[in-house]
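Please walk me through this model in the viewer. Tell me what to select at each stop and what is there.

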Amino acid sequence: MEKRERNVQTAAPILFPIDPEQFWQMLRVLVREEVSQLDRQPVRTPAYDTPGLTYKPLYKIGEVCQLFQVTKPTIYDWIKHGKLKPYKIRSRVYFLWNDIQRLLQPGEQSKE
């Protein structure tokens with residue numbers, strides 16, 4: 001097989017007066033700058049615009065998994081054993097903040 005040279009001249013005219021290698025180098029620098037700016041920005045948490053409400057009232061199953069650092073099958077087990085009560089709204093399942101707080105408080109957990 002033939003090896004292709006990196007700087008092969010094409011018959012198409014270049015529309016801007018800059019060397020292609022210099023163009024790609026400038027593009028790489030710009031991309032690095034943009035990515036580094038994204039890394040410096042703080043992670044935004046969603047704001048809940050409900051007047052007077054200081055907590056999120058409903059949690060999805062994925063959020064509960066992240067909160068307790070467990071898998072979905074563990075959550076399903078907790079539902080089966082009555083530790084968490086799911087609330088279905090349309091086709092989605094949610095959990096109440098109060099139920100989650102009860103699980104987080106070790107002194108208030110019911111013994112099996």
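The tour below runs along the chain in a few stops, on a predicted model.

Select residues 20-40, which form helix H1. Leu27 sits in this helix. Now show the side chains of Phe23, Trp24, Leu27, Leu30, Val31 and Val35. Together they make a nonpolar surface patch of about 520 Å². Pick out Leu27 again. Its relative accessibility is 34%, so Leu27 counts as partly exposed, as the value lies between the 20% and 50% cut-offs.

Select helix H2 (61-68) and helix H3 (72-80), then the loop between them, where Gln69 lies. Check the backbone of Gln69. Phi is near 55°, a positive value in a residue other than glycine. Gln69 counts as exposed because its relative accessibility is 72%, and exposed means over 50%.

Select strand S2 (86-89) and strand S3 (92-96). The two strands pair in the antiparallel sense, over four bridges. Show Tyr87, then look across to S3: Tyr94 stands opposite.

**Stop four: the turn.** Stay on the hairpin of S2 and S3, and select the two residues between the strands. Which residue here takes a positive phi? Arg90 does, with a value near 55°, although Arg90 is not a glycine. Colour by accessibility to finish. Arg90 has 81% relative accessibility and therefore counts as exposed.

Terms used. Residues are numbered from 1 along each chain as its sequence is written. This is a predicted model: local features need pLDDT of at least 70, side-chain atom pairs count only at pLDDT 80 or more; totals for chains, interfaces and linings use all residues. Side-chain values use heavy atoms; hydrogens and water are left out. Patches are made of residues with over 30% relative accessible area and no salt bridge: like charges are joined within 9 Å, nonpolar side chains (Val, Leu, Ile, Met, Phe, Trp, Tyr) within 5 Å. Accessible areas come from the Shrake-Rupley method with a 1.4 Å probe; for residues, only the protein chains shown count as cover. A salt bridge is a side-chain nitrogen of Lys or Arg within 4 Å of a carboxyl oxygen of Asp or Glu. Buried means under 20% relative accessible area, exposed over 50%, partly exposed in between (1.4 Å probe, protein chains only). Two strands pair if DSSP finds at least two bridges between them.
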